[in-house]
Amino acid sequence: MPPSFGVHIGPQDMTMDQMRALWRSVDQAGLDWVSVWDHFYEAPPRDGMGHHFETLTTLAALAADTDHVRVGCLVFCAAYRNPGVLAKALATLDHLSGGRMEAGFGAGWHEPEYLAYGYDFPPIGQRMDILEETVQIVRSMLRQDHTTFEGRHYSVYNATCQPPPIQSPLPIWVGGEGEKRTLRIAARFADAWNVPYIAPERFRHLCGVLDDWCRTEGRDPATIKRTVNLRFNLTIDPARVSAIRRQLRADWGDGAEDGSLVGTPDQIADRVAQYLDAGAQGVNVALRAPWDAAALDVYMSELVPAMRRRFAEVDGG
């Protein structure tokens with residue numbers, strides 16, 4: 001299967017008109033995927049005063065505005081919404097998109113958001129329990145006529161989700177790099193797994209852990225798709241690369257380049273290939289405004305087609 005190429009949008013620091021123009025351009029460029037993340041505040045965290053749109057309503061516009069790309073969230077915070085209601089929203093979004101919706105779930109990490117919006121921020125073990133319950137409820141409601149589930153955190157009783165999604169099944173993703181719980185939940189319940197902002201060597205290692213969990217769960221590892229999100233720090237001006245590296249470290253710390261595409265388009269083609277060689281079946285560039293629009297155009301119009309040809313030649317021998 002050829003690799004997929006997509007864009008992961010941070011719905012922040014831009015107007016809705018700008019964001020809609022962005023995902024329409026990605027759709028028209030022939031990429032495979034557009035997703036958004038699920039936050040109430042800006043990321044990286046600042047002071048909570050940055051402009052940031054809500055995820056479900058943003059996804060409704062994304063689903064209606066595009067025609068070809070798969071659309072999704074990487075990832076919904078499992079604690080932010082009742083999973084039964086979220087299942088209904090996902091089925092609706094699948095109809096809005098004509099059967100292109102995919103849903104990712106994670107345990108959540110941004111403590112200031114939790115507290116500001118009235119959510120408890122429990123220890124990681126409890127957040128993982130919430131994630132596991134959420135994935136089971138949503139998966140069942142999107143695939144079964146009736147769902148009853150009694151959990152510690154969430155319960156549903158003979159719940160239905162009509163009309164069901166167009167897709168059968170609507171793909172369920174689990175996101176994150178936790179080796180003990182996250183990857184086991186993915187092996188048990190997910191159709192696909194995504195991880196953000198890690199080096200190719202780390203991605204290869206985690207693929208091996210996921211393979212092991214799949215075997216433990218009696219599942220063929222080949223049945224779960226794997227993708228990576230990478231920070232988009234491209235520029236068409238070589239003189240700006242050093243400044244971009246400094247800003248990246250200031251925002252995210254000294255290891256930020258491990259999960260970033262930094263440099264000019266011709267410099268990062270081999271970096272993308274390293275992830276694909278490490279087991280990624282898809283690469284998404286994560287956009288936080290402002291980005292280099294000219295570099296994004298080159299990425300979509302030149303680099304992605306070149307990467308597709310490169311891997312088609314490999315697959316074809």
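Which residues have the most contacts inside the largest nonpolar core? In this predicted model, local features need pLDDT of at least 70 and side-chain atom pairs count only at pLDDT 80 or more, whereas totals for chains, interfaces and linings use all residues. Residues are numbered from 1 along each chain as its sequence is written, and side-chain values use heavy atoms, with hydrogens and water left out.

The largest nonpolar core comprises 93 residues, and those with the most contacts inside it are Leu-90, Phe-105 and Tyr-299; a core of this kind is a set of buried Ala, Val, Leu, Ile, Met, Phe, Trp, Tyr and Cys residues joined through side-chain atoms within 4.5 Å. Here buried denotes under 20% relative accessible area, exposed over 50%, and partly exposed the range in between (1.4 Å probe, protein chains only). Phe-105 is buried, at a relative accessible area of 0%. When residues up to four places away in sequence are not counted, the residues that Phe-105 touches include Val-75, Phe-76, Leu-86, Leu-90, Ile-172 and Trp-173, contact being defined as heavy atoms within 4.5 Å.

The structure holds twelve aromatic pairs, which are defined by rings of Phe, Tyr and Trp (its six-membered ring) whose centres lie within 6.5 Å, with planes under 30 degrees apart counted as stacked, over 60 as edge-to-face and the rest as tilted. Phe-76 and Phe-105 form a tilted pair, with 5.9 Å centre to centre and 35° between the planes. Because Phe-76 belongs to strand 3 (residues 70-77) and Phe-105 to strand 4 (residues 101-106), this pair ties together parts that are 29 residues apart in sequence; strands (E, at least two residues) and helices (H or I, at least four) are DSSP runs numbered from the N terminus. Phe-76 is also buried, at 0% relative accessibility.

The pair formed by Tyr-114 and Phe-121 is edge-to-face, at 4.9 Å centre to centre and 80° between the planes. Tyr-114 counts as buried at 1% relative accessibility, while Phe-121, at 24%, counts as partly exposed. Both residues belong to a cluster in which ring pairs link Phe-40, Tyr-41, Tyr-80, Tyr-114, Tyr-117, Tyr-119 and Phe-121.
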